[in-house]
Amino acid sequence: MTLPERVLEDLWNVVNDRFEHPKDSSYISCLVSTEKGSDKTLEKIGEEATEFIIAAKNGDRERIISEAADLQFHFLIALRAYGVTFQEVIDELSSRRR
């Protein structure tokens, strides 16, 4: 397993752990336990996507990287919130390879 795969797998495991064992001090647990629940996660994806677009438009490399990481992080939380595994997404991407 390559380092990028390991990082994403580790992050996915943390997301799953916070869903299964919520902690008051956990950002993930707080995010998904709000009254808005999964909708709050979707709002964060929209916010992070917008921030990514602005950073890209401005050519701000450091912000592009930071916002891409934030977007990926919230994307994983949303996948889990809607019962989709990261592996299912990888499998779908793999099926599209020619």
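Visitor: Among contacts in the protein between residues at least 6 apart in sequence, what share joins residues at least 24 apart?

Guide: The share is 54%, where contact means heavy atoms within 4.5 Å. The model is a predicted one, in which local features need pLDDT of at least 70 and side-chain atom pairs count only at pLDDT 80 or more, while totals for chains, interfaces and linings use all residues. Residues are numbered from 1 along each chain as its sequence is written, and side-chain values use heavy atoms, with hydrogens and water left out.

Visitor: Which elements make up the protein, and in what order do they run?

Guide: The protein contains five helices and zero strands, and from the N terminus on the order is α-α-α-α-α. Helices (H or I, at least four residues) and strands (E, at least two) are DSSP runs, numbered from the N terminus.

Visitor: Why are H3 and H4 called roughly antiparallel?

Guide: Helix H3 (residues 38-57) and helix H4 (residues 61-81) pack at an angle of about 160°, and their axes lie 8 Å apart. Angles run from 0 to 180 degrees between N-to-C directions; those under 35 degrees count as roughly parallel, over 145 as roughly antiparallel, 65 to 115 as roughly perpendicular and the rest as oblique. H3 and H4 are therefore roughly antiparallel to each other.

Visitor: What makes serine 29 count as buried or exposed?

Guide: Serine 29 has its place in helix H2 (residues 27-32). Buried means under 20% relative accessible area, exposed over 50%, and partly exposed in between (1.4 Å probe, protein chains only). With 6% relative accessibility, serine 29 therefore counts as buried. Leaving aside its neighbours within four places in sequence, serine 29 touches Arg18, Pro22 and Lys23.

Visitor: How does one know whether leucine 3 counts as buried or exposed?

Guide: Leucine 3 is found in helix H1 (residues 3-20). Its relative accessibility is 55%, so leucine 3 counts as exposed.

Visitor: What part of the protein is buried?

Guide: Of the 98 residues in the protein, 22% are buried.
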